[in-house]
Amino acid sequence: MSEQVHNRLAVVRAERKVSRQGLAEAVGAHYQTIGYIERGQYNPSLDLALKIARFFELPVEALFSLEPFRPLTDEIYGRKTS
Amino acid sequence: MTTTPLTRYDRGMLRLMNDRRGRPLYATAARRRLVVAAHLLLTAAIGGLMAHAHLAEGEPVWALVVTVVLLLPWAVATGAINAATRGLLELRERALDERQSAERARVQARAHRAMTLLLAAGAVVLLAVGAAGGDAPTAYAAPVLIAVLAVHWLMPLWVAGLTAQDEPAEDDGPAA
């Protein structure tokens, strides 16, 4: 029934150099849950999504979206049309 | 996890259930199925031996000795399934996060459905045997009741072991 929620968690976590365990402890979740969210196998509740966004000091829509995210490099530099 | 603070017991159980030393036993779905199958067979063997000890004439001491010997691998298999599910059924609700709580509810619902089907099948068999053999079901009432109790107790564990998902890929360094 639930719709696929896309996320950029793995990219942001890598950029901020935060381990799954560290993020899990900060937001009160199990480290496997963070892994399942990153793999798209679990959609977090609004509560957990907001906690993750607050941890990274980002708006929640920067991390989670109902539409697939464009690659970050495309967003920053744009894609050259051939 | 809920906002209720964890007790020392909760923290100890959480550490125990997340101890990864036994990981080779349950790292893949095939191994988890094997452990659950072994656990099921051991449970059936122990149940059969206990029923034999209950029904047999005299004092079948050997049956009790074998039962005690089988309890050791049974306990190891139980521990492996619990570790594979990270204590999904063993930890208190307050020690689980939202995904684990939802998973526990799903496992219990599936186990309940499976138990309902098993009990219905068992009732049909008992009624059929009773119709054909007169008093036969009465003699088996106690062992059957104990078997039902054991299966009812262990079904969520088996379902949890069979439905546990693979571990997400390992963290490579602090950032991955």
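What percentage of the 82 residues of chain A count as buried? I found 27%, where buried means that 20 or more other C-beta atoms, placed from the backbone, lie within 10 Å of the residue's own.

A note on sources: this is a predicted model, in which local features need pLDDT of at least 70 and side-chain atom pairs count only at pLDDT 80 or more, while totals for chains, interfaces and linings use all residues. Residues are numbered from 1 along each chain as its sequence is written, and chains are lettered from A and ligands numbered from 1 in the order in which they are written.

Next I looked up the makeup of chain A. I counted 6 helices and 2 strands there, taken as DSSP runs (helices H or I, at least four residues; strands E, at least two) numbered from the N terminus. Along the sequence I read β-α-α-α-α-α-β-α.

Then I turned to a helix pair. The axes of α2 (residues 20–27) and α3 (residues 31–38) of chain A come within 8 Å and cross at roughly 110°, with axes being lines fitted to C-alpha atoms over the stretch in contact and angles running from 0 to 180 degrees between N-to-C directions. That makes α2(A) roughly perpendicular to α3(A), a label for 65 to 115 degrees. On the α2(A) side I listed Arg20(A), Gln21(A), Leu23(A) and Ala24(A) in the contact, which requires C-beta atoms within 7 Å.

Last, I checked chain B. Ala160(B) touches Ile81(B), Thr85(B), Leu88(B), Leu89(B) and Val107(B), leaving aside residues up to four places away in sequence.

Note on methods: Contact = placed C-beta atoms within 7 Å. Parallel < 35°, antiparallel > 145°, perpendicular 65-115°, else oblique. Buried ≥ 20, exposed ≤ 12 C-beta atoms within 10 Å, placed from the backbone.
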